[in-house]
Amino acid sequence: MRLKIAGGRLFDPACGWDGEVGDLFIRDGRIVAQLGEVDAVIEARGQVVAPAGIEVRGQVATYGLDFLRLTNRGPSLQELGESYALLGYTHVHEPLLTAWTAGYVQRQLAGLPVVDTSASLVLNLRELDLWLSSPEHLQEIGQTLRFLLEATRSLNFRVVEPFVRYRQDFYAHRAIDLDRALVILADLARTTGARLILEASPEVLRAGLPDPATFHLAALGPALTDDDLITAALGHLAAGATGDLGLMTAPPQSGSPRLPVRIDLGWYRALDLNPPPDEAAGRRALALALDYQGSGLAFSGAGQALAPVGDYPRMFAWLGDRAARRRDWGEVLGAREYTLSEWLWATRTLPARLLGLEDRGRLTPGARADVAIYDLPAEAPPSQWQRGLGRCRTLLKAGEVVVDNFSLVHPEVARATYYRKTEAEATPMLAEICQFQSRRWENLWVPAELGGPWVGL
């Protein structure tokens, strides 16, 4: 299929396009430089033509979310997939997959329609505590983790609790404090050759990251429990760390109290899928987004409970429109207004690079033709961001029209789950870990029929 997107305002921060009027050509699902003849033309005069969105922290398949869905406190997988597509997104990354919940999470991701998916493997450092303190085991730990990454069909590593703690005094000798754990994790990141994702917390932000360029600070918003932590986060970003915002919805309306939904994933603390809103942290998260002036901060929400996908259009407007911030938060929170290219960098270009999706987040020849077209004229004021960027007029995924005239027209479009191929072999360390956990290592594999279709990177 040969397509031409005609006369659009082309935006691609990766190559410096900032609204230049031109045509975009697509052949067999890829963007090409030029075509003499085409099979169809998509008229885009006056419209924004940009890469499709990539969600770096879409909490859509975390173990336990079905409890929220059963009580009508969360959208279904069908609703989530369609909502992302109507926003102009084609890829969603699940942040919380563990070795023990991999099968469940991957099956849930396979049920998410329209969009492609991937997931982070969350490391539980308590399972590695006997080896982490010994530098001579570093290479075997790295090989074990690389094996688990492919075995669970995950894309990257994440650490929620960068420490080892036990409630029983008997195990006190196996504890590893935060500062020591961060040094070990930086060494592991260099050993595995991949940036390690740390879920942000006040303790992590106050700590000194030993090698900031080896870390990505995820969901910064909920961690900003006081004003000094904004400065700490900015310092880590300036030193070479990357991060994602973890924005939260505006002050909640009065209503029934929010009940916690705590899930035991084998960590020191249970995971609360329905945490109470923190208005002050929400303001600080937005202030951080406005204060930061670099290229290492991606857009994200703080999870389905604190940042529903349906609220993303409002969040987009907060970044680009002071009046929208005053309307929803009662104050401007900063004079800065994002440009459209800055918003695209945070929602497309940088997320593609963070996830290693080399052919996404750009419009240059060779890229997969994931293209979003928005009804936002050149003369549109910032007040139109919420409506203009919150409704994708046309969405193409690998050259196929998925959304047309603001409606989902191809919900059965092909989708896939992406994971990292490492070809690492199982280690004696893994067998010993599984012995302690009363698990068999071969049961960690996610079989092909459990999810997918799969694409290994």
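Analyst: Let us begin at a helix end: just after α12, G356 adopts a positive phi of about 75°. Please bear in mind that this is a predicted model.

User: How many of the 16 residues of α12 are buried?

Analyst: In general, residues three or four places apart in an α-helix point the same way, because there are 3.6 residues a turn. In this case α12 is mostly covered, with 13 of its 16 residues buried.

User: Is L77 buried or exposed?

Analyst: The cut-off for buried is under 20% relative accessible area. L77 has a relative accessibility of 16%, and therefore counts as buried. This residue belongs to helix α2, residues 77–87. Between L77 and P113 there are 36 residues of sequence separation, while their C-alpha atoms lie 7.4 Å apart in space.

User: Which way do the residues of strand β11 point?

Analyst: Strand β11 comprises residues 215–218; F215 and L217 point one way, H216 and A218 point the other way, and all are buried.

User: In which sense does β11 pair with strand β10 and with strand β12?

Analyst: Strand β10, residues 196–199, pairs with β11 in the parallel sense over 4 bridges. The pairing of β11 with β12, residues 242–244, is also parallel, over 2 bridges. L217 illustrates both pairings: this β11 residue is the bridge partner of L198, and L217 also stands opposite G243 in β12.

User: How many cavities of 30 Å³ or more does the structure hold, and what lines the largest cavity?

Analyst: The general idea is that rolling a probe the size of a water molecule over the atoms shows where empty space is left. Here there are 5 cavities of 30 Å³ or more. The largest cavity contains about 50 Å³ of space. Its lining consists of L123, L145, F157, L185, L188, A189, T192, A194 and L196. Helix α6, residues 178–192, supplies the largest share of that lining, 4 residues.

User: What is the lining of the largest cavity like by class?

Analyst: The lining has 8 nonpolar residues, 1 polar residue and no charged residues.

Note on methods:
Residues are numbered from 1 along each chain as its sequence is written. This is a predicted model: local features need pLDDT of at least 70, side-chain atom pairs count only at pLDDT 80 or more; totals for chains, interfaces and linings use all residues. Side-chain values use heavy atoms; hydrogens and water are left out. On a 1 Å grid over the protein atoms alone, a cavity is a set of points where a 1.4 Å probe fits but cannot get out, and a pocket is an open set with protein on both sides within 12 Å along at least five of seven lines; lining residues have an atom within 4 Å of a point. Grid points are joined across faces, edges and corners, and a volume is the space filled by probe spheres set on the points. Ala, Val, Leu, Ile, Met, Phe, Trp, Tyr, Cys and Pro count as nonpolar, Asp, Glu, Lys and Arg as charged, and the others, Gly among them, as polar. Buried means under 20% relative accessible area, exposed over 50%, partly exposed in between (1.4 Å probe, protein chains only). Two strands pair if DSSP finds at least two bridges between them.
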